[in-house]
Amino acid sequence: MTTPTQATTPAAARTRTPIGAPGRLENDAKGGVGTSPQRPDGALKVTGEFAYSSDLWMDNMLWGVTLRSPHPFARIRAVDIAAALATPGVVAVLTAADVPGRNVFGLELSDQPVLADDVVRYQGEAVALVAADHPEIARQAAKKIRVDYQVWEPITDARAALGHPTWNRLHDHPAEDVELSRSAAAIHPKGNLVRHLKIRKGDPDEAADVVVRGEYSVGMQDQAFLGPESGLAVPDGEGGVDLYVATQWLHVDQRQICTALGLTPDQVRLTLAGVGGAFGGREDLSMHVHGCMLALHTGKPVKMVYNREESFFGHVHRHPAEMRYEHGATRDGTLVFVNCDIYFDGGAYASSTPAVVGNGGTMGIGPYVVPNVRIDAYGVYTNNPPCGAMRGFGSVQTAFAYEAQMDLLAAELGMDPIDLRVRNAMAEGSVTPHGQTIDSPAPVAELLQRLREMPLPAEPDGADIDLRSLPGGVANSTHGEGVKRGVGYAVTYKNVAFSEGFDDYSTARVQIEAHQGNPLVVVHTAAAEVGQGLVTIEQQICRTELGVENVIVHPKNTDVGSGGSTSASRQTYMTGGAVKLACEAVRDRILTLARDRTDAPLDDAALVDGNIVTPSGAVLMSIADAIGEAVIEETREHHHRPTEEIDPETGQGFAHVQYSFSAHRAVVDVDTELGLLKVVELACVQDVGKALNADAVVGQIQGGSAQGMGLAIMEEIVVKDGKIRNPSFTDYLIPTILDTPPMPIQVLEYADPHAPYGLRGVGEAPTISSGPAVAAAIRQATGLPLTRVPIRPEHITGT
Amino acid sequence: MQLSVNGQSRDLELDNRTTLLDALREHLGLIGSKKGCDHGQCGACTVLLDGRRTNACLVLAVTCAGREVATIEGLAGPDGLHPVQQAFVEHDGFQCGYCTPGQIMSAVGMLEEFERGWPSAVTGEVQPAGLTAPEIRERMSGNLCRCGAYVGILAALTDVASRS
């Protein structure tokens with residue numbers, strides 16, 4: 001296949017193109033919506049040819065490194081760069097004074113300096129930059145920068161931070177409202193409160209026959225994507241810059257970079273380099289502005305690649321949460337009320353904290369119908385590492401609490417935990433705690449019933465236990481005397497796409513021309529492919545809508561309108577919807593051209609297998625003949641239906657465009673003497689509305705399930721006095737193939753009439769329900785309350 | 001020094017502190033092997049050194065003189081993808097793909113180890129009876145995949161093992 005006419009000039013063409021800049025993706029796979037064709041980047045990824053952001057290269061490039069604060073809270077008295085700058089091989093050393101534009105950035109609130117000016121608010125905050133001709137020289141030079149700190153005692157407890165007597169030392173000035181800010185986010189003008197969300201529904205004094213109370217906490221999880229933060233900034237010689245970077249949302253990066261550099265969007269062009277996983281951790285800026293600053297200052301391309309330790313400081317994490325819940329029910333198990341207080345520790349800067357509070361609050365009691373609800377959810381500034389987006393943001397934390405409460409209530413009532421959940425399950429037409437009527441299928445009860453009907457894995461044979469199958473494997477410390485098996489269930493839900501009145505949209509440009517007698521399509525969006533398979537989905541939609549086989553995926557860059565964020569399970573819905581709209585516009589143009597060539601009525605004609613066909617299937621002409629020499633190109637935005645800001649006092653409103661429901665059953669063997677665990681099986685049932693690519697859907701469910709399980713039993717960034725204690729893969733554990741059990745999965749397809757093809761966002765839901773199911777199984781096996789995750793061996797053994 | 005990579009002898013002038021991984025990536029332009037942690041914790045840099053699985057980030061390049069280094073770039077033949085590569089594509093053994101070169105090289109080495117009759121920690125008898133799921137899990141546990149494509153990786157390797 002040869003390259004067709006280019007729709008636009010790629011950003012890379014304007015300057016020298018780095019080795020490893022993305023090319024067009026094309027393959028011989030076939031298959032439209034509802035099939036599972038091979039991904040266009042698949043062969044490149046298995047041969048090692050696919051270049052990631054850390055693989056970019058230019059022969060004359062410099063290497064940039066970042067000097068970070070060792071203190072979680074300190075005033076910077078002075079910075080002395082002389083010794084660093086004098087190091088042979090060093091080309092530039094930059095500090096806050098060198099930020100060309102405004103020294104501020106932020107995803108939802110502009111509250112974080114590009115380089116710390118007078119105060120550092122977390123350990124790892126960027127203070128200075130070095131560019132040198134070798135990465136080791138740059139690192140050694142950075143160590144020679146002398147920063148004189150006046151060290152302050154950090155504020156590290158979210159609840160203490162609210163009302164702390166020194167609160168206004170954290171943020172001297174009120175954070176600014178920017179485009180992304182939900183005005184529903186009540187930003188405290190001076191304090192540590194980022195957002196307080198209140199939900200008040202029904203009667204706060206309603207009495208119940210049975211009341212259960214619990215306090216729960218969730219540790220700080222890391223996205224731990226394997227491809228570290230990295231990119232290459234290339235100056236264009238005219239004051240502008242091209243940035244090749246791994247990210248989740250090119251256009252929101254571009255907006256923040258322009259502000260910090262004092263440049264216009266046409267001067268700051270971004271191209272998505274290969275992304276080695278994201279999971280929310282690339283939604284905020286990392287090296288973006290720093291690399292551009294060094295490139296513009298030196299006039300040379302600058303590459304920056306974080307190492308693993310720096311990566312733990314280089315991106316936001318999942319908010320730790322402290323939660324207090326009170327559930328009241330009648331004797332027959334009907335929920336009467338739920339009250340809860342939820343504290344999210346946002347760390348030093350806001351990042352996505354307002355949205356995390358929004359999700360954690362509005363969906364904070366789970367997919368259940370409850371007439372009387374009081375929820376207070378807080379997002380708080382502290383001197384801990386900044387927290388923001390991670391898969392299932394806001395909902396993962398609360399799910400551990402509300403599902404533990406449901407089990408506690410079931411035990412108190414003497415009910416089966418599934419029966420209790422089914423009795424109170426949301427369904428289509430139910431009203432959420434924030435007063436939104438669910439207006440598409442909500443098969444909560446069916447998810448649970450299907451899970452219950454799935455066969456359980458075989459019980460271990462008590463007489464002849466294979467030591468190798470025990471928790472801890474062949475460590476062989478016991479002979480299984482203390483091993484008990486538990487089974488736990490959880491059902492959860494989460495919003496898809498952006499909420500609370502935000503005008504969420506994606507853009508797609510679709511071009512078609514006849515090439516060697518065959519129609520050839522190029523699809524161009526700025527929506528980030530981070531591994532989930534969006535590039536495959538874009539091809540599939542074009543094939544279905546335009547009746548063609550050959551679809552090329554254009555590199556993702558800012559030469560086309562925003563694709564929105566690859567987050568909130570939104571890209572297939574939003575960018576998939578945009579591609580569909582652009583295809584429909586292209587189809588109309590093709591039919592218009594065809595009318596010049598035939599008198600046959602075309603109003604009901606369709607594009608199938610390269611031809612224009614009548615409703616009865618008769619071929620009128622080929623698409624290539626209709627197009628002739630023309631190059632048809634259409635660009636469309638896809639906005640989802642409007643949502644509303646919620647009422648600041650009652651929390652009521654049409655806040656979310658769509659919900660995604662999933663349920664898990666976990667089977668866990670627990671060595672109660674050693675505190676060791678083995679997850680034996682993790683079964684999942686999820687409603688996806690319509691599976692555009694069934695294999696990719698299952699892959700998302702497997703991956704999300706593994707990450708949720710990881711938070712339940714092993715993953716935590718341990719922070720003490722504001723400092724990270726375990727910034728490595730030796731001490732921050734993520735599941736291996738040995739930890740990951742078989743995962744029986746059932747995918748339901750109940751179409752959402754409001755969504756393209758009826759689909760539901762898939763990626764986050766399984767991350768939310770898997771962890772609570774694992775925790776429930778461990779509780780069942782041990783009889784312990786286990787109110788904190790990750791559950792560690794000492795929590796089980798009590799030692 | 002001379003380094004033999006994928007059957008080709010390459011002349012290199014290196015600082016003697018250079019790791020094999022940096023020699024491959026930054027001096028030979030072979031970017032397929034990935035630097036996920038640089039501490040031997042993630043397995044993304046796995047190559048075969050004289051046929052054995054090795055974390056290239058933990059080996060100094062100067063120690064590799066006279067030895068044969070096999071990387072992901074040399075795996076596919078003139079007839080197309082190696083069976084392990086093909087199985088990873090067919091069974092969705094990856095998403096972002098960053099760990100994939102290391103997973104595949106590790107799998108190729110693992111299959112060879114199994115062929116030679118090497119037992120693993122879960123092998124009941126000294127001579128493993130077959131490449132069962134527990135055997136594959138144990139033998140592949142040094143390669144992290146954050147996308148959680150382990151079910152696909154297991155399926156891919158089960159498929160390859162059943163065909164060989």
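## Between the chains

A salt bridge here is a side-chain nitrogen of Lys or Arg within 4 Å of a carboxyl oxygen of Asp or Glu. With that rule, the interface of chain B and chain A in this predicted model turns up 3 salt bridges. On the contact side, 44 residues of chain B meet 55 residues of chain A. The two chains bury about 3900 Å² between them, and carbon and sulfur atoms account for 61% of it.

## A closer look at Arg25(B)

One salt bridge worth a look pairs the side chains of Asp55(A) and Arg25(B), at 2.7 Å from N to O. Arg25(B) sits in helix α1 of chain B, which spans residues 20-27. Is Arg25(B) buried or exposed? Its relative accessible area is 9%, so Arg25(B) is buried, the cut-off being under 20%.

Who are the neighbours? Setting aside residues up to four places away in sequence, Arg25(B) touches Ser54(A) and Asp55(A) from chain A, plus Leu30(B), Ile31(B), Ser33(B) and Lys34(B) from chain B.

## Domains of chain A

Chain A comes with an assignment into domain 1 (53-153 + 239-310), domain 2 (451-496 + 657-797) and domain 3 (505-639). Take domain 2 and domain 3 of chain A: their C-alpha centres lie 39 Å apart. Their contact draws 18 residues from domain 2 of chain A and 14 residues from domain 3 of chain A.

Together, domain 2 and domain 3 of chain A bury about 1200 Å², with 62% of that coming from carbon and sulfur atoms. On the domain 2 side, Leu692(A), Pro756(A) and Tyr757(A) lose the most area to domain 3 of chain A, together 41% of what that side buries. As for salt bridges across this interface, the rule finds 0.

In soluble globular proteins, nonpolar side chains tend to be buried together. The largest nonpolar core in this model has 88 residues, and Val774(A) and Ile778(A) have the most contacts inside it. Helix α10 of chain A (residues 395-413) gives the most to this core, with 10 residues.

Ile778(A) shows the packing at residue level. Leaving out neighbours within four places in sequence, it is in contact with Val668(A), Val670(A), Leu677(A), Ile713(A), Leu786(A), Ile791(A) and Ile796(A). Apart from the 88-residue core lies another one, of 52 residues, whose members include Cys387(A) along with Cys42(B), Ala44(B) and Leu157(B).

## Helix α4 of chain A

Helix α4 of chain A runs over residues 135-143, and its buried residues are Pro135(A), Ala138(A), Ala141(A) and Ala142(A). Why do these count as being on the same side of α4(A)? They cover an arc of only 125° around the axis, which puts them there. The elements covering the buried residues of α4(A) include β1 (62-68), α3 (82-85), β3 (90-94) and β6 (126-132) of chain A.

## Val160(B) in chain B

Over in chain B, Val160(B) belongs to helix α5, residues 150-163. Val160(B) has 7% relative accessibility, so it counts as buried. Leaving aside neighbours within four places in sequence, its contacts are Pro83(B), Val84(B), Ala87(B) and Leu111(B). Of these, Leu111(B) is 49 residues apart from Val160(B) along the chain, with 9.0 Å separating the two C-alpha atoms.

Technical notes:
Residues numbered from 1 in each chain as written. Chains lettered and ligands numbered in written order. Predicted model: local features only at pLDDT ≥ 70, side-chain atom pairs only at ≥ 80, totals over all residues. Heavy atoms only, no water. Buried < 20%, exposed > 50% of the residue type's maximum accessible area, 1.4 Å probe, protein only. Helix = DSSP H or I, 4+ residues; strand = E, 2+ residues; numbered from the N terminus. Arc of directions from axis to C-beta. Contact = heavy atoms within 4.5 Å. Core = buried A, V, L, I, M, F, W, Y, C linked by side-chain atoms within 4.5 Å. Buried area = accessible area lost by both parts, 1.4 Å probe. Domains from an automatic or database assignment.
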